[in-house]
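Have your viewer ready, and let's take a short walk through this model together.

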Amino acid sequence: MNGSSKEASASRQRREEIDDLLSGTFNSILRIEEQSLDNRLTHGLTITEVHTIVAIGLHERNPMNVVAARLNVTLATLTTAVNKLARKGFVDRTRAEDDRRKVLVSLTKKGRQVLRAHNLFHHQMIDEALADLTDEEERVFADALAKVKAFFDSQA
Amino acid sequence: MATIDTVKEVLVENLDLEADKVTEDATLESLGVDSLDMVELICDLEEKCEVEFGEPEGIETIGQLVAHIDSLK
């Protein structure tokens with residue numbers, strides 16, 4: 001094997017490793033996020049329900065279409081999710097004062113507890129995950145990941 | 001009601017703490033307030049004090065908690 005084919009082979013191997021690392025990290029984060037719901041404030045909720053609560057916002061009163069756009073789901077899908085969350089006491093629905101046809105959605109205190117508990121989980125997870133990186137490694141990691149994410153966002 | 005009294009009231013109600021122990025100098029850690037207790041405490045205080053708490057870092061004592069809430073009023 002000559003020099004350039006050795007390099008090509010090493011590069012191919014590294015990319016396969018990165019592919020495994022990306023998929024593995026993605027799956028681990030999903031699993032850890034699921035496990036994090038097992039506490040007294042979020043018990044019984046699915047991760048999709050928690051992400052709906054996050055999209056509604058801590059102290060916001062948003063029209064349904066705004067929340068649907070944040071989640072990239074249809075209005076019908078969001079309506080089903082919000083009905084369920086309202087029945088469980090996490091979400092309130094009100095009519096807009098300037099346009100009674102418009103439904104606004106906001107969090108109850110119970111919903112705000114879920115959002116704050118979820119934010120807390122994310123803060124703790126990222127602090128622990130990056131604890132072994134030096135400042136320089138963290139900066140390089142952030143720059144490289146931002147570039148990779150931009151590609152995935154453009155494909156999604 | 002003074003903010004410190006509201007904080008006392010919520011902590012006594014939520015965590016069954018003795019009101020006398022909830023002083024300005026007491027740390028949240030010494031009172032046994034963990035991070036999930038803190039989430040509940042913040043949401044209750046937002047409602048009772050009619051403030052939006054935000055996500056401040058470095059609150060370690062009851063006095064700092066009271067000062068933060070008062071700064072939002």
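## A walk through two chains

Begin where the chains meet in this predicted model: select the contact, to which chain B gives 8 residues and chain A gives 10 residues. On the side of chain B that touches chain A, you will find 4 nonpolar, 1 polar and 3 charged residues.

Switch to cartoon to see 6 helices and 3 strands in chain A, running in the order α-α-β-α-α-β-β-α-α.

Now colour chain A by domain: domain 1 covers 1-36 and domain 2 covers 37-155. Their C-alpha centres are 28 Å apart. Where they touch, 5 residues come from domain 1 of chain A and 5 residues from domain 2 of chain A. The domain 1 side of that contact holds 1 nonpolar, 2 polar and 2 charged residues.

For the next stop, select A:Ile53, A:Ile56, A:Val91 and B:Val7, the residues with the most contacts inside the largest nonpolar core, which has 30 residues. Elements from both chains each supply at least two residues of this core, including α5 (109-129) of chain A and α1 (3-15) of chain B.

Finally, centre on A:Val91. Beyond its neighbours within four places in sequence, A:Val91 has contacts that include A:Ile56, A:Leu85, A:Val105 and A:Gly111.

Terms used: Residues are numbered from 1 along each chain as its sequence is written. Chains are lettered from A and ligands numbered from 1 in the order in which they are written. This is a predicted model: local features need pLDDT of at least 70, side-chain atom pairs count only at pLDDT 80 or more; totals for chains, interfaces and linings use all residues. Two residues are in contact if their C-beta atoms, placed from the backbone, lie within 7 Å. Ala, Val, Leu, Ile, Met, Phe, Trp, Tyr, Cys and Pro count as nonpolar, Asp, Glu, Lys and Arg as charged, and the others, Gly among them, as polar. Domain bounds come from an automatic or database domain assignment. A nonpolar core is a set of buried Ala, Val, Leu, Ile, Met, Phe, Trp, Tyr and Cys residues joined through C-beta atoms within 7 Å. A residue is buried if 20 or more other C-beta atoms lie within 10 Å of its own, exposed if 12 or fewer, and partly exposed in between; C-beta atoms are placed from the backbone. Helices (H or I, at least four residues) and strands (E, at least two) are DSSP runs, numbered from the N terminus.
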